[in-house]
Amino acid sequence: MPVIEQLSPHVADLIAAGEVVERPASVVKELVENAIDAGSSAMVVEIQRGGMGLIRVTDNGCGIAPQELPVAFLRHATSKLRRPEDLSAIGTLGFRGEALAAISAVSRLDVISRQKGAESGASLHLEGGQPRQVEPAGCPEGTTLVVRELFYNTPARLKFMKSDSAEAAAVNAVLQQIALSHPEVSIRYIRDGREELHTPGDGKLLSAVYAVRGRDFALGLTPVDGSGEGVSVHGFVTRPLAGRGTRAMQTFFCCGRIIRSQMLTAALEEAYANRLMKGKFPGCVLHIDLPLQQVDVNVHPAKTVVKFAAERAVFSAVHHVVKDALDKAEQPSPPPKPVSAAVNPRGDFFQTMDAKTFREKGGAPTLLSGGKKVEPELSRRAALRDVGTAAPAVPARDIPVHAVSPGLIAPPPIPTGCKAPPLAGKIPEKPTAPPVRTDEEPPEQMSVEPLQAAPWQFRGEILHTYIIAEDGDTVWLIDKHAAHERINFDRLKANPEPVMRQQLLTPAAVDLAQEQYAALLENLPLLEEFGFTAEDFGQGCLMVRSVPSDIAAGQIRETLETLADKLLAGGADPAAARDAMLHTMACKAAIKGGWTSDPAELRALIARVQSGEVQYCPHGRPVKIKISKYDIEKMFKRA
């Protein structure tokens with residue numbers, strides 16, 4: 001029987017580190033949050049090899065006293081909590097006192113810090129969580145933490161790390177979220193010597209959104225600002241016409257902390273009811289502020305899930321504030337002021353008036369050749385009489401237009417009585433078909449069996465989505481999108497040849513959310529296998545140079561967003577990733593519900609479905625529904 005023993009402190013620290021430090025992005029998140037809690041207004045984050053080789057975070061915060069440096073790396077050591085009552089009103093990002101201890105346990109760490117107003121600073125080196133002596137050091141005010149060789153003493157964890165580009169993208173995603181949550185802090189992110197992100201830190205949320213999400217996203221936003229029932233909501237939401245293919249661009253913050261909440265997502269999307277195209281989702285950057293006592297942030301280890309004391313009030317505030325902002329944005333703009341109502345602060349400069357007002361005011365007289373002064377109107381008429389020799393312009397409608405063939409120029413019309421000039425070259429005669437020989441025997445006639453009529457009959461389409469087919473006493477309703485999607489999926493999966501691709505004349509730059517960006521970077525070979533040629537363009541952007549022939553150019557971003565979400569949900573299983581790719585391509589290339597389809601296309605779909613070849617869509621939904629004559633008569637109370 002095994003003996004129960006207490007774990008050694010080192011093993012306990014490694015276990016705790018596994019809970020806090022999942023990847024380099026986790027380290028960056030903890031260190032940057034500590035810098036913000038220290039009152040920093042600017043920080044620089046630098047990484048190498050995706051953060052596995054080096055992570056350096058430098059801030060201009062309050063700094064750490066030399067005697068407190070060793071204490072800061074002990075478990076449950078913090079300056080943010082003192083009493084049990086403090087847990088009911090947490091206003092800081094970090095508060096458990098485990099981050100520094102966990103990070104130092106699985107890395108080689110150096111810290112250099114100097115308090116504000118101090119003459120010098122101090123440095124400390126830790127390896128595997130074991131500190132050495134504190135030494136004096138010259139440094140600017142603030143703190144610099146350098147983390148090297150992450151997971152050097154836990155090789156099992158190294159097997160689960162992704163590529164350097166994917167880990168760097170995850171770090172970028174963390175920094176983007178923090179930049180949007182604290183626009184008053186300037187964040188500079190350097191990856192392998194190249195700057196990837198730099199926010200101004202001017203306190204304006206729109207400036208941070210512009211730096212993080214890009215110009216196109218920022219230009220399609222509507223400001224949101226309001227409150228209700230003690231809950232304040234401010235930020236930006238996308239206009240209805242700028243809807244996205246996924247929810248990746250929905251970002252919520254509560255009391256300066258990024259959170260994930262299905263309730264907030266539902267409140268946001270309900271405000272867009274009857275405004276957004278089907279299959280599109282709104283994007284947002286919304287800050288929700290309420291008394292700290294009304295929210296519990298200590299319900300999840302990652303601190304991304306919170307619990308509200310009054311969920312109904314929060315839902316109502318988000319819903320109504322967003323809805324009011326959208327209603328206000330849809331109101332027509334006031335008409336421009338008439339010219340007569342224009343205000344000229346300098347009456348003697350650039351006066352604006354119509355011709356009648358100018359004549360009434362008596363414009364400047366004009367001198368003619370005789371030395372007489374005449375009114376401006378008379379002067380204008382005299383000037384017109386002087387230009388009598390100019391030929392009047394012929395209006396465009398009076399010029400005869402001759403019909404010409406494409407690529408040819410019609411000769412001008414020939415005046416009556418003139419002969420046409422000889423042509424430069426002889427016009428080739430029209431080729432004639434050779435005479436048919438009648439002395440040969442006619443070819444032997446092939447016997448063609450008459451086509452058998454299908455057992456079903458096409459009866460039409462309803463709602464531009466469902467096909468109606470009649471088979472004896474049975475009526476079939478067929479979902480044309482689901483059926484066509486299944487046909488495409490089976491074709492792609494059974495085809496051993498490479499997917500046919502189309503080269504783009506102009507490469508498409510696709511901006512993605514950082515999680516989606518990282519997922520696609522991890523699967524670039526899979527994208528190449530299925531017709532996408534893409535490369536990393538930096539800062540959350542993929543440069544796409546070719547796409548599968550079934551994907552339209554306008555569907556590139558939406559297809560990649562959907563694919564990235566499926567890859568994130570499916571994990572690292574290669575088979576699941578391949579099926580996710582096939583599902584996405586089959587769906588994007590299929591006939592969409594609501595489209596007007598040719599009857600020949602619909603008959604071809606019915607034939608594939610009624611033959612039993614297609615039963616379910618790739619997602620498992622049925623493609624047809626059977627309604628018998630008895631069912632219909634029962635609905636009308638005839639059975």
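The structure is a predicted model.

The sheet is open and has five strands in the order S10-S11-S14-S12-S13. Its pairing is mixed. Strands S10 (221-228) and S13 (257-259) stand at the edges. Each has a single partner strand, so one side of each is left without a neighbour in the sheet. Direction ignored, neighbouring strands are turned by 20° against each other on average.

S10 and S11 run antiparallel and are joined by eight bridges. Within this pairing, Pro 223 has Phe 236 of S11 as its bridge partner. S11 (residues 231-238) is also joined to S14, again through antiparallel pairing, by six bridges. Val 285 of S14 stands opposite Thr 251. In general, the strands of a sheet pair through backbone hydrogen bonds, in either the parallel or the antiparallel sense. S14 spans residues 284-289 and is mostly covered. Five of its six residues are buried.

Helix H7 (residues 205-213) touches S10, S11, S12 and S14. The direction of H7 makes about 140° with that of S14. Helix H10 (residues 311-330) touches S10, S11 and S14. The direction of H10 makes about 135° with that of S10.

The buried residues of H7 are Leu 205, Ala 208, Val 209, Val 212 and Arg 213. Seen down the axis of H7, these residues fall within an arc of 100°, so they line one face of the helix. An α-helix has 3.6 residues a turn, so residues three or four places apart point the same way. Gly 214 follows H7 and has a positive phi, near 100°.

The largest nonpolar core holds 58 residues. Val 32, Phe 73 and Leu 175 touch the most other members. Helix H6 (residues 164-181) gives the most to this core, with eight residues. Nonpolar side chains tend to be buried together in soluble globular proteins. Leaving aside neighbours within four places in sequence, Val 32 is in contact with Met 43, Val 45, Val 57, Leu 175 and Ile 178.

Note on methods: Residues numbered from 1 in each chain as written. Predicted model: local features only at pLDDT ≥ 70, side-chain atom pairs only at ≥ 80, totals over all residues. Heavy atoms only, no water. Buried < 20%, exposed > 50% of the residue type's maximum accessible area, 1.4 Å probe, protein only. Helix = DSSP H or I, 4+ residues; strand = E, 2+ residues; numbered from the N terminus. Pairing = 2+ DSSP bridges. Core = buried A, V, L, I, M, F, W, Y, C linked by side-chain atoms within 4.5 Å. Contact = heavy atoms within 4.5 Å. Axes fitted to C-alpha atoms, helices over the stretch in contact; angles between N-to-C directions. Arc of directions from axis to C-beta.
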